[in-house]
Amino acid sequence: MKLSLGLAAALCCLLPGPAAAQKSTAEGIAEYRRMLEDGNPAELFEAKGEELWKKPRGPRNASLEGCDLGLGAGVVKGAWVQLPRYFADTGRVQDVESRLVSCMATLQGFDAAQLESTPFGRGEMANITSLATWIASESRGMRFALPQGHPQERRMYELGKRAFFFRGGPMDFSCASCHSEDGKRIRLQELPNLTKNPGDGVGFAAWPAYRVSNGQMWSMQLRLNDCFRQQRFPYPGFGSDLTVALGVYMGVNAKGAASIAPAIKR
Amino acid sequence: MNPRLPLAAIVAATLALAVGCATPPSAAELDAQALAMIRASFRDEGIAKTERLRQDPSQSSCSSDQPPPPEVARRIEAQAQAGIRWPAGGQYLGDWREGEKLAQSGRGMTWTDASDQPAANGGSCYNCHQLDNKELSFGTIGPSLWNYGKIRRVGNVADPASATVVQYTWGKLWNSKATQACSLMPRFGHAGLLDEQQIRHLMALLLDPKSPVNQ
């Protein structure tokens, strides 16, 4: 792909000339992103998510205000930076999206399997994305502190690590193929090293995010889904143990990093 | 099931289950649980089938944060080298213009692609490598290939002095694991991602003195 017209237009106003192109290209993109931060479309999804949390809905006509995201029923502030974690009522380690499915089923009467099989961007899955966006925003600036006190939480970290390094598919890719070294990039897209804390607002700390290039709000489940698509893997189940385990691995590695979610991306 | 399992082991296992598995799982148990979790977490979609999760020895040996033992790595490399299919008629080069198009294209083999045939695939080369230095949008996962042929003094590909470089390059494109067991580079020929003619085009991009890469 050649540089897109919009990006090229933005860059040619910012670049001093072809000789200094390499460093200036990265600076140019950072500047492009700063221009976009003046009004992140994710704010629309935050507002929608907050509305959905409070509104009585579903066959039971109940709100989600009774939903426990790990800090007690209805406590949203600070919950995002401690997810995924173990939940006694489901006996599972869950991320925010699989936890929302549990709450929407238990409190509101939705069908969990139907929720999980709804494509991204459509129907109740779009609502789950909005809810996840708002929940993440309620922890903006807070630092990741996933609990590892429960044996299941520690087990999921270990399984997530193994999954991270699992090579497969026709191109032999694993998460590690792109995300296990410092300072690498695909084309011009910088790649965070997710085997450790890559820094504030980077990697796990930067999703959910609004993607300008396709005008879509991406939750972590969708980010992982598209990673697997590009790895040439088959289709990961929404909220599956694999996706949650990877969240535990990345989130525990990011301990202390400040979340900037919901962020804005190219 | 081993019918001759000692009684003590059966009692121990039963007790462990009764107390809720108080001992944490061993590394080997976690390895097995991880594989089971991975297999259970995917479904088929389009051309991307769950059989893609079945690892061959080179994939499973390179699925750790640690490299495989040297003897395992050498075995993987030797096996890969032995399986390289050399081009018909000893014709190594195609058209560098077609090579540049293939290098620019990252298409193919995902569940949103209609066909898994080489004709539908690109080489994704610029995703990881610099090639023609006029292209600013290049990745850094692999080394720069700018001036690849020029640096290696490949003038005429048919010259016996160039044979080692030419064969090394073909081998790398056909099966990158032949020279580096845990290479991050896909096995373009071996995995059927690109066909012989497409690889010839990439060879030309890298080795033809007229290619923009060698200016």
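Modeller: In this predicted model, helix 3 (residues 42-54) of chain A packs against helix 6 (residues 123-137) of chain A at an angle of about 100°, and their axes are 7 Å apart. Axes here are lines fitted to C-alpha atoms, for helices over the stretch in contact, and angles run from 0 to 180 degrees between N-to-C directions. Helices (H or I, at least four residues) and strands (E, at least two) are DSSP runs, numbered from the N terminus. The two helices of chain A, helix 3 and helix 6, are therefore roughly perpendicular to each other; angles of 65 to 115 degrees count as roughly perpendicular, under 35 as roughly parallel, over 145 as roughly antiparallel and the rest as oblique.

Residues are numbered from 1 along each chain as its sequence is written, while chains are lettered from A and ligands numbered from 1 in the order in which they are written. As this is a predicted model, local features need pLDDT of at least 70 and side-chain atom pairs count only at pLDDT 80 or more, whereas totals for chains, interfaces and linings use all residues.

On the side of helix 3 of chain A, the residues that meet helix 6 of chain A include A:Phe45, A:Leu52 and A:Trp53. Helix 6 of chain A contributes, among others, A:Leu131, A:Trp134 and A:Ile135. Contact means that the C-beta atoms of two residues, placed from the backbone, lie within 7 Å. This contact of helix 3 with helix 6 of chain A divides into seven nonpolar, six polar and three charged residues. In that division, Ala, Val, Leu, Ile, Met, Phe, Trp, Tyr, Cys and Pro count as nonpolar, Asp, Glu, Lys and Arg as charged, and the others, Gly among them, as polar.

A second pair of helices lies within chain B. The axes of helix 5 (residues 96-104) and helix 9 (residues 196-207) of chain B come within 7 Å and cross at roughly 100°, which makes helix 5 of chain B roughly perpendicular to helix 9 of chain B. Among the residues that meet there are B:Trp96 and B:Leu102 from helix 5 of chain B, and B:His201 and B:Leu205 from helix 9 of chain B. By class, this contact has six nonpolar, three polar and two charged residues.

The third pair joins the two chains. Helix 7 (residues 151-164) of chain A packs against helix 2 of chain B at about 70°, with axes 9 Å apart, so helix 7 of chain A is roughly perpendicular to helix 2 of chain B. From helix 7 of chain A come A:Glu158, A:Leu159, A:Arg162 and A:Ala163, which meet residues of helix 2 of chain B including B:Leu30, B:Met37 and B:Ile38. Six nonpolar, one polar and three charged residues make up this contact of helix 7 of chain A with helix 2 of chain B.

The contact between the chains as a whole takes 42 residues from chain B and 38 residues from chain A. Helix 2 (27-40), strand 1 (42-43) and helix 6 (125-128) of chain B each supply at least two residues of the side of chain B that touches chain A. Helix 2 of chain B gives the most to that side, with six residues. By class, the side of chain B that touches chain A has 21 nonpolar, 13 polar and eight charged residues.

Strands also link the chains. Strand 7 (residues 235-236) of chain A pairs with strand 1 of chain B in the antiparallel sense over two bridges, and A:Tyr235 has B:Arg43 as its bridge partner. Two strands pair if DSSP finds at least two bridges between them.

Chain A also holds an open sheet of three strands, in the order 6-5-8 and with mixed pairing. Strand 6 (216-218) and strand 8 (263-265) of chain A are its edge strands, each pairing on one side only. Strand 5 (residues 209-211) of chain A pairs with strand 6 of chain A in the antiparallel sense over three bridges, and A:Gln216 is the bridge partner of A:Arg211.

One runs from A:Trp207 to A:Pro208, with omega near 5°, and A:Pro208 lies in the loop between strand 4 (189-191) and strand 5 of chain A. Another joins A:Ala261 and A:Pro262, with omega about -5°; A:Pro262 lies in the loop between helix 10 (241-253) and strand 8 of chain A.

As to confidence, the predictor gives the complex an ipTM of 0.90 and a pTM of 0.89.
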